Amino acid sequence: MHMQQNLLFRSIPAICTHSVWGFIPVYLKHHINPVKHKILHMSCQLILQSKAKRCGFLVNCLIETVDNSNNEHQTCHRSGEEISYDLYNESICELCAEGDVDKAMRLLSEMEALGFHPTFVSYSSLIDALGSVGRTLEADAIFQEMLCFSRKPRIKVFNTLLRSFLRKGLLRLADKVLMLLEDLAIDRNLETYEILLEYYVNAGRLEDTWLIVAKMRRESYPLNSFVYSKIIELYRDNGMWKKALGIVEEIREKGLRLDKRLFNSIIDTFGKYGELGEALEVFEKMRREGIKPDFRTWNSLIRWHCKFGHLDTAIDLFNEMQEQGLYPDPKIFIIIITHLVEQGRWDVIDKILENMQGRGHHKSGAIYAVLVDIYGQHGRFQDAEYCLNALKLEGLQLSPSIFCVLAHAYAQQGLCEQTVKVLQIMEAEGMEPNLIMLNMLINAFGNVGRHMEALSIYQHIKEMGITPDVITYSTLMKAFMRAKKFDQVPKIYSEMESVGCTPDRKAREMLQSALMIVEQRHMPFFSPDVLLIFCIISTSTG
């Protein structure tokens, strides 16, 4: 049975015209300040901008009326001399490698306006560069153009597009990529399966994960450390941490050496279930075997020590990580300052910032100072637009990860309007919102009890063609729990299961709590399916 039969699919255009901002201002206009009308279609204009420029420039060339703005783009790469076809392609590839996607797209516009079409390598470079910065729909447009000009893509291009779609949660578009692979008789490789496996595990799609593993076995792909690490994470996230550790024994029996990826999965499994001593023991064993811990190792240890109240140990690990030459991830920094702010330990926060600046990270350290301010010490950066402008003045280049960190910070503080504003500015900068950021928006509304807005974001996620994951449903359940709408929680849980997401431990605990409260209040009865779920959970946790 083909894999796409296990994926959700419906026919949608290659370039999706939905934009989250076409929805949010309309729905929230009675809840927050109205957004200017011109922003509603900003996303679509940005996505199609390069196409429009190319077409417009070509028409102007044909009628010999090139305007000044296009003429500037035409000559900025020429220096008074005609550029050859080969030089166009070389320049596009170089710009993509340097990460300057906008210049590469302008050069493509100029090239096509003169009647040239890029080579296979140029197309591939553009798709890879656009996908890496989250401009997924533009990457898809270039891919479709590539097909139109009979440039048959190789598996690497398909994998790039597949990874980009799945990072955004665009499961239906990912399904199209897989179907096209089969239509063109291009075989999937190990990377294709690893991309699918990573998505299914992270999205909590248990059944799809096992289907991928089974298919890899049938096609004689070796179960390497990546596959085993994902199986460990799958067991971990579904409350079966002893089975996860059992995989380690299976690995040893097969004579496979534990590498960094496997060590990280084991450490994270111990940490998630509060076995911090064991996590540190595995960490020390990792170092004794000459394997250098990476960001994921340190982040996992710091996160779980914070979670279980060992804040001083977390700070020691945070400092040791920097001594090892690794600069902290802003996301883990948020976890530390959140706990320090709760305890009013501003002196410790100031000391951490001083240490970071003393290590020569002044420019990138600006984001950490801003995060501290958002969490309430001074309040200068409570406005998202002012905050982002300040980061630009510091010379920090804005990226999807920076927007994601700021949105998370505002969401944690319950600053819904500022979370929305961060996403608006992100779109205005030409970056598309992804499922992670939309989940944060649900969380922001949930934190302040605005469950109907949270529900509307969830509905819009589906309208955009994005497939919700287990985090989406868990966050939505939490929003309804906080709003004391306990009778709706089982319905969300049932929908999560119906679309193929396996509920995690947090979701199961929320369902059990909601059902107990509903039962105590003698609220209307539930369907037999919901009652059966309650009985199963009660038995498993009893």
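Glu138 is a buried residue, its relative accessible area being 4%. The model described here is a predicted one. Glu138 has a charged partner: a salt bridge links Glu138 to Arg135, and the closest N and O atoms lie 2.7 Å apart. Arg135 is likewise buried, at a relative accessible area of 12%. Because buried means under 20% relative accessible area, both residues of this pair fall in that class, Glu138 at 4% and Arg135 at 12%.

**Salt bridges**

Side chains of opposite charge can pair when their charged atoms come close. Over the whole structure, a search finds 19 salt bridges.

| Salt bridge | N to O distance |
|---|---|
| Glu138 and Arg135 | 2.7 Å |
| Lys230 and Glu233 | 3.2 Å |
| Arg287 and Glu284 | 3.2 Å |

The pair Lys230 and Glu233 belongs to helix H13, which spans residues 225-237; the two positions are 3 residues apart, so about one helical turn separates them. Lys230 counts as buried at 7% relative accessibility, and Glu233 counts as buried at 3%.

How many residues apart are Arg287 and Glu284 in helix H16? Helix H16 covers residues 276-288, and within this helix the two lie 3 residues apart, about one turn. In accessibility, Arg287 is partly exposed at 27%, and Glu284 is partly exposed with a relative accessible area of 34%. Beyond individual pairs, salt bridges with shared partners connect Glu198, Lys230, Glu233 and Arg296 into one network.

**Packing of helices H27 and H28**

Two packed helices are described by the angle between their axes and the distance between the axes. For helix H27 (residues 470-482) and helix H28 (residues 489-498), the axes come within 9 Å and cross at roughly 175 degrees. H27 is therefore roughly antiparallel to H28, since angles over 145 degrees count as roughly antiparallel. On the H27 side, the contact is made by Val470, Tyr473, Leu476, Met477, Phe480 and Met481. H28 contributes Val489, Ile492, Tyr493, Glu495 and Met496. Sorted by class, the contact of H27 with H28 comprises 10 nonpolar residues, no polar residues and 1 charged residue.

Terms used: Residues numbered from 1 in each chain as written. Predicted model: local features only at pLDDT ≥ 70, side-chain atom pairs only at ≥ 80, totals over all residues. Heavy atoms only, no water. Axes fitted to C-alpha atoms, helices over the stretch in contact; angles between N-to-C directions. Helix = DSSP H or I, 4+ residues; strand = E, 2+ residues; numbered from the N terminus. Parallel < 35°, antiparallel > 145°, perpendicular 65-115°, else oblique. Contact = heavy atoms within 4.5 Å. Nonpolar A, V, L, I, M, F, W, Y, C, P; charged D, E, K, R; others polar. Salt bridge = Lys/Arg side-chain N within 4 Å of Asp/Glu carboxyl O. Buried < 20%, exposed > 50% of the residue type's maximum accessible area, 1.4 Å probe, protein only.
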